[in-house]
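Hi there,

Here is the structure I promised to pass on. Have a look at it first, and my notes follow below.

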Amino acid sequence: MYLHLGQDTILRTKDILGIFDLDTASLSRHTRDFLARAQQNNRVITVSEELPKSFIVTAQHPPTVYISQISAATLKKRSGFLQDVGSIGHL
């Protein structure tokens, strides 16, 4: 399955390690450090020039961070991650 991140950017869902809300996740110093290191190593791809709302970490080699204007909640719904988590609870 694929996930559309905005503009012309699409990722395979199996390559996604996590989808994070930029406002809440960046409150942590560790997250800010991680994002800064990714930026320094040219591993950040900004999907749109619009106000960023989420970031996606992938298992690509090397790991890459995508910054998207689409909210993390919307991306999670599109990806089916929430459905997968909900179905696990019913096993």
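To start with, how many bridges join β4 to strand β6, and do the two run parallel or antiparallel? Three bridges link β4 with β6 (residues 65-68), and the two strands run parallel. Please keep in mind that this is a predicted model.

One of the residues in that pairing is Ile-45, whose bridge partner in β6 is Tyr-66. Zooming out, β4 and β6 belong to an open sheet of four strands in the order β3-β5-β6-β4, with mixed pairing. At its edges are β3 and β4 (44-46), each of which pairs on one side only. From one strand to the next, the twist averages 20°.

Then there is α3, which lies across β3, β5 (54-58) and β6 and runs at about 145° to β3.

Tyr-66 turns up again in the largest nonpolar core, which has eleven residues: Leu-3, Leu-5, Leu-11, Ile-16, Ile-19, Val-47, Ile-56, Tyr-66, Ile-70, Ala-72 and Leu-75. Two or more residues of this core come from each of β1 (2-6), β3 (16-21) and α3 (72-79). Apart from this core lies another, of eight residues, including Leu-22, Ala-25, Phe-55 and Val-65.

Leaving aside residues up to four places away in sequence, Leu-11 touches Met-1, Tyr-2, Leu-3, Leu-5, Ile-16, Ile-56, Thr-58, Gln-60 and Tyr-66.

Best wishes

How values were computed
Residues are numbered from 1 along each chain as its sequence is written. This is a predicted model: local features need pLDDT of at least 70, side-chain atom pairs count only at pLDDT 80 or more; totals for chains, interfaces and linings use all residues. Side-chain values use heavy atoms; hydrogens and water are left out. A nonpolar core is a set of buried Ala, Val, Leu, Ile, Met, Phe, Trp, Tyr and Cys residues joined through side-chain atoms within 4.5 Å. Buried means under 20% relative accessible area, exposed over 50%, partly exposed in between (1.4 Å probe, protein chains only). Contact means heavy atoms within 4.5 Å. Two strands pair if DSSP finds at least two bridges between them. Axes are lines fitted to C-alpha atoms, for helices over the stretch in contact, and angles run from 0 to 180 degrees between N-to-C directions.
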